[in-house]
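Please look over the structure below before reading my note on it. The points are meant to be read with the model open beside them.

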Amino acid sequence: MNGLDFPDISPVIFSAGPISVRWYSMAYLLGIIIGWVLINRNVRKNNLGISKEQIEDFVFYLTLGIVAGGRIGYVLFYGGSSFWHNPLQIFEVWKGGMSFHGGVLGVIAATWYFSRKINYKFLALTDLIVLYAPIGICFGRIANFINDELWGRVTTVPWAVKFPSGGYLPRHPSQLYEAFFEGLIMFLVLNILWRYQWVRKREGFVSALFVIFYGIFRISMEQFREPDAQMGFYFGGITMGQILSVPLIVLGAGVIFYLSRKKV
């Protein structure tokens with residue numbers, strides 16, 4: 001059978017008694033810490049008018065939004081009936097099961113609240129977030145690969161991987177495709193654009209590009225990804241991830257239209 005053997009990497013980094021540190025949770029932690037550091041640097045460099053203490057509070061609210069929104073979104077969009085039979089599973093975040101689209105809603109809610117709290121422009125804050133969000137997305141997709149989850153469809157490409165939970169059939173390593181496009185490529189594009197003053201002056205522009213690019217990349221990458229078993233396909237071949245990504249593109253286009261009619 002063609003295909004590369006799945007690498008022998010444990011999803012657990014280390015254990016100390018009943019406590020286990022997993023790559024999945026570490027991906028979120030590293031993404032948040034690196035984003036925190038880079039936001040601080042960006043604010044100082046461009047004199048964006050936010051104090052170090054305010055950034056610390058902002059990161060705290062964002063973390064709550066990411067975890068709560070991501071988990072609730074997963075339960076609502078992908079969870080199926082198992083969570084209703086055993087509701088306590090909702091709190092078992094360390095086992096995986098987070099929805100990007102739910103996380104977006106959680107971050108939007110947290111950012112809106114915080115922007116009102118410190119009297120700062122909402123879209124200016126979202127611009128800071130999206131510049132570094134691709135880092136966390138990249139780490140998260142790599143953790144999905146290590147966890148042997150969210151693998152791709154069966155294929156004959158020479159770089160196919162035989163995932164143990166995928167029946168040792170050669171499959172697209174779709175997690176790594178998403179890490180590359182939704183993570184690395186999006187990070188480079190947005191941060192290159194941010195170097196131009198005309199982009200920074202148009203608050204919300206990079207936020208709009210982020211949701212548009214993510215929507216396009218996610219819809220494209222879902223062509224290689226096996227849909228969740230409890231969800232399957234809709235309308236003869238469309239996945240839930242593709243359905244949920246369409247509103248992101250519409251939202252981004254709406255923001256760009258709004259900015260195009262607004263004098264800077």
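Predicted model: local features only at pLDDT ≥ 70, side-chain atom pairs only at ≥ 80, totals over all residues.

1. Residues are numbered from 1 along each chain as its sequence is written, and side-chain values use heavy atoms, with hydrogens and water left out.

2. Helix α1 (residues 23-46) packs against helix α5 (residues 122-146) at an angle of about 160°, and their axes are 8 Å apart. Helices here are DSSP runs of H or I with at least four residues, numbered from the N terminus, and axes are lines fitted to C-alpha atoms over the stretch in contact, with angles from 0 to 180 degrees between N-to-C directions. The two helices, α1 and α5, are therefore roughly antiparallel to each other, a label given to angles over 145 degrees.

3. Contact means heavy atoms within 4.5 Å. Residues making the contact include Trp23, Gly31 and Leu38 of α1 and Tyr132, Gly136 and Phe139 of α5. The residues of this contact of α1 with α5 divide into 15 nonpolar, 6 polar and no charged.

4. The lining of the second largest pocket includes Arg41, Lys45, Tyr132 and Arg200. α1 gives the most to this lining, with 5 residues, and by class the lining of the second largest pocket has 5 nonpolar, 3 polar and 4 charged residues.

Key. Parallel < 35°, antiparallel > 145°, perpendicular 65-115°, else oblique. Nonpolar A, V, L, I, M, F, W, Y, C, P; charged D, E, K, R; others polar. 1 Å grid on protein atoms, 1.4 Å probe; cavity = no way out; pocket = protein on both sides within 12 Å on 5 of 7 lines; lining within 4 Å.
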